[in-house]
Amino acid sequence: MGDLLPEDGRRAFGRDPAAYDQSRPDYPDAVFERLSGLLGPPPWHGFEIGPGGGLATRRLLRAGAAPLLAVEPDARLAAYLAAAGHAELDVLNATFEAADLAPGSFDLGVAATSLHWLDQDLALAKAARLLKPGGWFCHFANVFGDPGRQDDFHDATQALLSPLPKGPSGGGGPVPYALDRRARLDDLTRHFGEVVSDVWPWTLVLDSAGVRALYATFSNITLLPEDQREEVLDSLARIAEREFGGRVERNMVTAFYAGRRLPS
């Protein structure tokens, strides 16, 4: 298996939607405070690209994105989201590229740890067209690992994980996609009149079972054949238990970017 492609991302996360939803860490409150500060008083008519299990979706609804249209390419995840029965949430099972959405209809567009699976220029150009003048497109991501801090669990698992396929969140170089600030701002500047960014470091603490559950949601692991996937996950849990006493700290960074469609 080579490095992962966009079509892999459209099928990587729906094998067990509930486990995927429950095992991914939440986004910091600062993300939604920043978003609210940009948009002003709710409600906001919004769309979300690739909501997955709804981790950011629920927070967006609570913050005031109502109604909210979730565009999810994986039918299993789309069904999981729809079954939640949120009154202000509509779910469209489609790729963002193919979704037939009315231009100039939205106050807010969001991609939460999903934009790296899309062609940047095409996705951002479409997002800009969908916004009303003055509307904002925001994308943010939880990055599992902070290049500026020592991460012992990362080091202890490198030999196990480095041979696996690489996903686009890695950025294809030494800097993860979401932490390449210059590139992300350049992408936004080509399509929006005002751009902003922010970053928040934090620490995720996991027990051995939590390590196994979290890594089972990573695209380069969940797409492995079942026997290989289970072997990798078992090995991660053993490392967590034997070398870290069942308490693993991952250095996290949440990166936030936003672009505003200028008023006409």
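**View 1. Residues lining the largest cavity of the predicted model**. The largest cavity is lined by A111, T113, S114, L115, H116, H139, F140, A141, Y177, A178 and A255, where a cavity is a set of points, on a 1 Å grid over the protein atoms alone, at which a 1.4 Å probe fits but cannot get out, and lining residues have an atom within 4 Å of a point. Seven of these residues are nonpolar, four are polar and none is charged, with Asp, Glu, Lys and Arg counted as charged, Ala, Val, Leu, Ile, Met, Phe, Trp, Tyr, Cys and Pro as nonpolar, and the others, Gly among them, as polar. The space in this cavity is about 50 Å³, the volume being that filled by probe spheres set on grid points joined across faces, edges and corners.

**View 2. Strand 5 and its partner, strand 7**. Strand 5 (residues 131-144) contributes three residues to the lining of the largest cavity, the most of any element; strands are DSSP runs of E with at least two residues, numbered from the N terminus. Strand 5 runs antiparallel to strand 7 (residues 248-260), to which nine bridges join it, and A141 has A255 as its bridge partner.

Residues are numbered from 1 along each chain as its sequence is written. In this predicted model, local features need pLDDT of at least 70 and side-chain atom pairs pLDDT 80 or more, whereas totals for chains, interfaces and linings use all residues, and side-chain values use heavy atoms, leaving out hydrogens and water.

Definitions and conventions: On a 1 Å grid over the protein atoms alone, a cavity is a set of points where a 1.4 Å probe fits but cannot get out, and a pocket is an open set with protein on both sides within 12 Å along at least five of seven lines; lining residues have an atom within 4 Å of a point. Helices (H or I, at least four residues) and strands (E, at least two) are DSSP runs, numbered from the N terminus. Two strands pair if DSSP finds at least two bridges between them.
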